[in-house]
Amino acid sequence: MPRADLDKEPHDVAKMFDAVAPRYDRTNDVISLGQDRAWRKATLAALDARPGETVLDLAAGTGTSTEPLADKGVRAIPCDLSLGMLGVGKERRPDLPFVAGDALHLPFADESFDAVTMSFGLRNVTDVRRALEELLRVTKPGGRLVVCEFSRPTFKPFRMVYTNYLMRALPPVARAVSKEPEAYVYLAESIREWPDQHQLGLQIKAVGWTHVAYRNLTGGVVALHRGTKPA
């Protein structure tokens with residue numbers, strides 16, 4: 001996989017996630033110190049999906065983020081570029097309608113979804129604007145967007161500690177719990193290169209989403225961005 005400051009080819013991203021799929025969820029739990037569970041819960045609350053609604057969960061991976069939606073009666077569609085991730089998810093939850101798809105060319109008709117969400121996948125696409133436009137295209141007028149993504153801690157001393165953890169501690173931790181530690185070196189680099197909360201909000205607004213706002217989680221380690229498609 002190329003370094004985070006180089007071009008990210010879709011097949012490289014898919015191959016990387018195919019390799020880590022079998023242990024992906026467990027590894028994430030370890031390297032996030034268990035915070036990933038709280039982040040998923042906050043994302044679901046922000047999405048506020050109701051029974052009977054149709055929701056696209058893009059970059060769904062193994063479907064961990066899709067399961068609670070489906071369990072509450074939402075018609076949730078998990079979509080991901082990695083066939084390896086989808087395969088692991090399908091084995092665990094064969095009832096979920098896993099779909100292989102590229103965020104830049106979503107295999108769905110216009111205005112198909114009441115809400116769309118993407119967790120920890122936007123920074124892996126080659127064209128962030130195009131991905132946000134595609135999400136807008138497949139959302140019904142008045143529909144909702146929630147993006148959960150790594151961001152920039154707001155408290156400077158903590159930001160320094162966090163950056164040191166990413167670049168120094170995360171790779172050896174990943175080597176201890178994953179057979180593909182290079183993927184987590186890429187993870188650290190991609191987080192460091194990613195825009196901060198305000199800049200990402202501007203990008204979301206620029207493609208046509210309205211009422212754009214964000215909320216920091218874990219001091220800004222992660223940010224939840226929300227938007228609405230104009231009615």
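Student: What should I know before I start reading the model?

Tutor: It is a predicted model, with residues numbered from 1 along each chain as its sequence is written, and side-chain values use heavy atoms, leaving out hydrogens and water. Local features need pLDDT of at least 70 and side-chain atom pairs count only at pLDDT 80 or more, while totals for chains, interfaces and linings use all residues.

Student: What is the mean pLDDT of the protein chain?

Tutor: pLDDT is the predictor's confidence in each residue, from 0 to 100. The mean for the protein chain is 86, and 78% of its residues reach 70 or more. Over residues 1–6, though, the pLDDT is below 50. Where pLDDT is low, the predicted coordinates should not be read in detail.

Student: Why is V161 called exposed?

Tutor: Buried means under 20% relative accessible area, exposed over 50%, and partly exposed in between (1.4 Å probe, protein chains only). V161 has 53% relative accessibility, so V161 counts as exposed. You will find V161 in helix α7, residues 156–177. Helices (H or I, at least four residues) and strands (E, at least two) are DSSP runs, numbered from the N terminus.

Student: Why is E134 called buried, then?

Tutor: E134 has a relative accessible area of 9%, so E134 is buried. Other buried residues of helix α6 (residues 128–138) include V128, A131 and L132. The cover over the buried residues of α6 includes β1 (54–58), β4 (113–119), β5 (139–150) and α9 (197–206).

Student: What makes R137 and E134 a salt bridge?

Tutor: A salt bridge is a side-chain nitrogen of Lys or Arg within 4 Å of a carboxyl oxygen of Asp or Glu. For R137 and E134, the closest N and O atoms are 2.8 Å apart, and the pair forms a salt bridge. Both residues lie in helix α6, 3 residues apart, about one turn of the helix. R137 has a relative accessible area of 24%, so R137 is partly exposed.

Student: Where do D36 and R40 lie?

Tutor: D36 and R40 both lie in helix α3 (residues 35–47), 4 residues apart. Their side chains meet in a salt bridge at 3.2 Å, N to O. D36 has a relative accessible area of 8%, so D36 is buried. R40, at 28%, is therefore partly exposed.

Student: Which distant parts of the chain does the pair R144 and E53 link?

Tutor: The side chains of R144 and E53 meet in a salt bridge of 2.9 Å, N to O. R144 is in strand β5 and E53 in the loop between α3 and β1, 91 residues apart. E53 is buried, because its relative accessible area is 14%.

Student: How many salt bridges are found in the whole structure?

Tutor: A search of the whole structure finds 13. E67, D71, R92, R93 and D95 are linked in a network of salt bridges.

Student: What makes the link between the side chains of H105 and R130 a polar contact?

Tutor: A polar contact is a pair of N or O atoms within 3.5 Å; within protein, one must be able to donate a hydrogen and the other to accept it, and residues adjacent in sequence count only if both atoms are side-chain atoms. The side chains of H105 and R130 are joined at 3.2 Å, and this is a polar contact. H105 lies in the loop between β3 (99–100) and β4.

Technical notes: Contact = heavy atoms within 4.5 Å.
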